[in-house]
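This report goes through a protein model one part at a time. Keep the sequence and the structure in view while reading.

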Amino acid sequence: MQKKHPSALCMFDRMMSAANGKRIVVFLDYDGTLSPIVDDPEQAFMSDSMRSAVREVARYFPTAIISGRCRDKVCEFVKLTSVYYAGSHGMDILAPMRPLKSTSTGDAKYQTRVIDEQGNEVVLFQPAQEFLPAIEEILKVLDEKTKEINGVMIENNRFCISVHFRRVNEEDFSTLEEQVKSILEDYPRFHLTRGRKVMEIRPSIKWDKGHALEYLLDTLGFGNSKDVLPLYIGDDRTDEDAFKVLQTRKQGYPIIVSSIPKDTKASYSLRDPSEVMSFLLRLARWRRNSNGRLLI
Ligand SMILES: O=P(O)(O)OC[C@H]1O[C@H](O[C@H]2O[C@H](CO)[C@@H](O)[C@H](O)[C@H]2O)[C@H](O)[C@@H](O)[C@@H]1O
């Protein structure tokens, strides 16, 4: 059922009074959350004011961005070194260094110790590595087969592929969809998911944004903590996996970005990226003003 969810801005004081004494961890989606949806995925820039708001939040709370995009692309858009990044719907995570065995959700064989651009030792977690050769093949076939359809854009998100149809004529959509499905018949270890005017080809592994959220909580040291309060803000279907994890854990605040009522597992809503920015600024201000009164 499509329900209207209370505004996280209107409910802010109530939400934060329940957060007192807890360790807030902030998770953010990128497209449609930190940047407005635009026709050309290459032009989905984040405003400087949004960047400042995220930087502000990351000063006070561990903050991670979990996106469907390839991780390098999100880093390039966000340009902040103070946040953690997970790309390809969580299949490519650069996480803080922890003893590799301490994770409850991640398989240690997919983890590698690496040095990040700031010279810190971090963990790279990539559970879909074995799918890379097939992804390269699918990309080639897709390019070839869809080149006659105007407006299609194929985006290589490293461990998954986006087939954008925002600029495809309505009458061409079913042809495109059939072509994508027929390609996937030759690759049974992949499946198709849907986003905003996009079809996404993903390896069929049990890993999504919800698993990424849990993995990051683990590596940040909050795996089994009762005192952690994860906050996840996202606008798309794939964010529902993360909302579901918070619902199951009975912990934290899942917040959907939508100006209309939606069928969602989120508990609160923000209308658009500008409300997301207001919320983030308010969160940082709340923390600044309550400094000293919190158990942090
Ligand atoms: O998980 P996200 O960070 O939200 O990424 C999901 C997809 O976002 C991008 O596509 C969406 O935004 C584009 C730019 O505004 C828009 O043109 C497109 O129609 C939307 O679907 C990104 O390009 C995809 O690769 C991501 O999977």
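## A hairpin at the sheet edge

Gly 119 takes a positive phi near 85 degrees in the hairpin of strand 5 and strand 6, which has 5 residues between the strands. The model is predicted, and local features are described only where pLDDT is at least 70. Strand 5 spans residues 111-115 and runs antiparallel to strand 6, with 5 bridges joining the two. Within this pair, Ile 115 stands opposite Glu 121 of strand 6.

Strand 6 (residues 121-125) also pairs with strand 4 (residues 92-96). That pairing is antiparallel too and has 4 bridges. Here Phe 125 of strand 6 faces Ile 93.

Strands of a sheet pair through backbone hydrogen bonds, either parallel or antiparallel. Strand 2 (residues 63-66) and strand 3 (residues 84-87) pair in the parallel sense, over 3 bridges. In this pair, Ile 66 stands opposite Ala 86 of strand 3.

| Strand pair | Sense | Bridges |
|---|---|---|
| Strand 4 and strand 6 | antiparallel | 4 bridges |
| Strand 5 and strand 6 | antiparallel | 5 bridges |
| Strand 2 and strand 3 | parallel | 3 bridges |
| Strand 8 and strand 10 | antiparallel | 4 bridges |

Helix 6 (residues 209-219) meets helix 7, and their axes come within 6 Å and cross at roughly 55 degrees. That angle makes helix 6 oblique to helix 7. On the helix 6 side, the contact uses Lys 209, Gly 210, Leu 213 and Glu 214. Helix 7 answers with Asp 241, Ala 242, Lys 244 and Val 245. By class, the contact has 3 nonpolar, 1 polar and 4 charged residues.

A second open sheet has 4 strands in the order 7-8-10-9, and its pairing is antiparallel. Strand 7 (153-156) and strand 9 (190-195) each have a single partner strand, so one side of each is left without a neighbour in the sheet. The twist here averages 20 degrees from one strand to the next.

Strand 8 and strand 10 run antiparallel, joined by 4 bridges. His 164 has Val 198 of strand 10 as its bridge partner. Helix 5 (residues 170-185) packs on this sheet and touches strand 8, strand 9 and strand 10. The direction of helix 5 makes about 155 degrees with that of strand 9.

## Two domains

The protein divides into domain 1 (21-127 + 207-293) and domain 2 (130-203). Their C-alpha centres lie 26 Å apart. Domain 1 gives 15 residues to the contact, and domain 2 gives 17 residues. The side of domain 1 that touches domain 2 has 4 nonpolar, 6 polar and 5 charged residues.

Conventions. Residues numbered from 1 in each chain as written. Predicted model: local features only at pLDDT ≥ 70, side-chain atom pairs only at ≥ 80, totals over all residues. Domains from an automatic or database assignment. Contact = placed C-beta atoms within 7 Å. Nonpolar A, V, L, I, M, F, W, Y, C, P; charged D, E, K, R; others polar. Pairing = 2+ DSSP bridges. Axes fitted to C-alpha atoms, helices over the stretch in contact; angles between N-to-C directions. Parallel < 35°, antiparallel > 145°, perpendicular 65-115°, else oblique.
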